[in-house]
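I keep these notes to record what I looked up and what I found. The structure comes first, then the entries.

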Amino acid sequence: MESITRLALLPLTTLFLLSTPISGQSPAKSPAPGGPADVIAVLQKAGQFTTFIKLLKGTQVSDQINSQLSGSTQGITVFAPTDSAFSGLKTGTLNSLTSEQQLRLVQYHVLPQFYSLSQFQTVSNPLHTQAGNSDNGEYPLNVTTSTGNQVNITTGVVNATVSNSVYTDGQLGVFQVDQVLLPLDIFGTAKAPAPAPVADSKPEKSVDQGSDDAPTQSKRPTDDDDSGALGLVSGPSGVMAGIAFVVAAFLAAF
């Protein structure tokens, strides 16, 4: 009888356990709210930025951008050159740069503040870039707008144009540019070397025959010379003739 009672209560016990929540089980988490946009993901989705993505990753500037987006309220603005813009560079340009110069080149395309296209109409030039502080003359970048709100960028080496707005959310702005922004600090025209000293082309000073520097020359008597010197300096024959003349004169006196 007891076993029959237990069998009867078993289904009821099972039903009770199934209907009672297990202690300590947490409810399913709701999806986390979306964080800041990832600059690499934005560029990959847009396409045609393969070279710029490689530079962002290789220099770790993409990590810097994402970190700043997470910890700053000022935002970030990125000027992204297309693959065709990089192909327009002289062959070997990127490979000729040092690691430090490549880093500065990529940082030069990043502004440490968010700008919309309309805000470029009122900015104060030159703008600061991640490469340096333009107030100190480092990596200045000038951005202006022209007719039709076209945004133009001047580096001192190239003049570029913003050709498209890739992404903007009030925190990150990514704008497509038609040329690689080459900073004057890296690609500026080298100063011309100082000219070599000009060799002294003055002719050598001619020796004046009448000057004290002129070599002494014996004066040779001429047939017209009747100075009375009797040719004493004209050689041995002259000396003998002079002696004979003196002897003849002496004998004539007696």
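In what order do the six strands of the open sheet lie? I read the order as S2-S1-S6-S5-S4-S3, with mixed pairing. S2 and S3 are the edge strands, since each pairs on one side only. I counted two strands as paired if DSSP finds at least two bridges between them. Helices (H or I, at least four residues) and strands (E, at least two) are DSSP runs, numbered from the N terminus.

**Ground rules.** I am working with a predicted model, where local features need pLDDT of at least 70 and side-chain atom pairs count only at pLDDT 80 or more, while totals for chains, interfaces and linings use all residues. Residues are numbered from 1 along each chain as its sequence is written, and side-chain values use heavy atoms, with hydrogens and water left out.

**The chain as a whole.** I found eight helices and six strands in the protein chain. Along the sequence they follow the pattern α-α-α-α-β-α-α-β-β-β-β-β-α-α. The chain has 254 residues, and 29% of them count as buried. Buried means under 20% relative accessible area, exposed over 50%, and partly exposed in between (1.4 Å probe, protein chains only). I also looked up contacts, which are heavy atoms within 4.5 Å. Of the contacts with a separation of 6 or more, 60% are between residues 24 or more positions apart.

**Strand S6.** I went to S6 (residues 172-177) next. How many of its residues are buried? The count is six of six. Leu172, Val174 and Gln176 point one way from the strand, and Gly173, Phe175 and Val177 point the other way.

S6 pairs with S1 in the parallel sense over six bridges. In this pairing I found threonine 77 opposite glycine 173. S5 (residues 159-168) runs antiparallel to S6, and five bridges join the two. Asparagine 164 has glutamine 176 as its bridge partner in S6, and tyrosine 167 stands opposite valine 174. S5 and S6 form a hairpin with three residues between them. Glycine 170 in the turn has a positive phi of about 90°.

I then checked what lies across the sheet. Helix H4 (residues 61-71) lies across S1 (76-81), S2 and S6, and runs at about 150° to S1. The angle is taken between N-to-C directions, from 0 to 180 degrees, with axes as lines fitted to C-alpha atoms, for helices over the stretch in contact.

**The core.** A nonpolar core is a set of buried Ala, Val, Leu, Ile, Met, Phe, Trp, Tyr and Cys residues joined through side-chain atoms within 4.5 Å. The largest one here has 48 residues. Which members touch the most others? They are Leu43, Ile65, Val78, Phe79, Phe120 and Ile153.

**Aromatic rings.** Rings of Phe, Tyr and Trp (its six-membered ring) pair if their centres lie within 6.5 Å; planes under 30 degrees apart count as stacked, over 60 as edge-to-face and the rest as tilted. By this rule I get four aromatic pairs. Tyrosine 108 and tyrosine 139 form a tilted pair, 6.1 Å centre to centre with 55° between the planes. Tyrosine 108 lies in the loop between helix H6 (99-107) and strand S2 (110-111), and tyrosine 139 in the loop between S2 and strand S3 (142-146), so the pair ties together parts that are 31 residues apart in sequence. Both tyrosines are buried. Phe79, Tyr115, Phe120 and Phe175 form one aromatic cluster.

**The loop between S2 and S3.** I stayed with tyrosine 139 in this loop. Its phi is near 50°, a positive value in a residue other than glycine. Is tyrosine 139 buried or exposed? It counts as buried because its relative accessibility is 13%.

Threonine 129 is found in the loop between S2 and S3, and counts as buried at 5% relative accessibility. Not counting residues up to four places away in sequence, threonine 129 touches Tyr108 and Tyr139, among others. Proline 126 is in the loop between S2 and S3 as well. A cis peptide bond joins asparagine 125 to proline 126, with omega about -5°.
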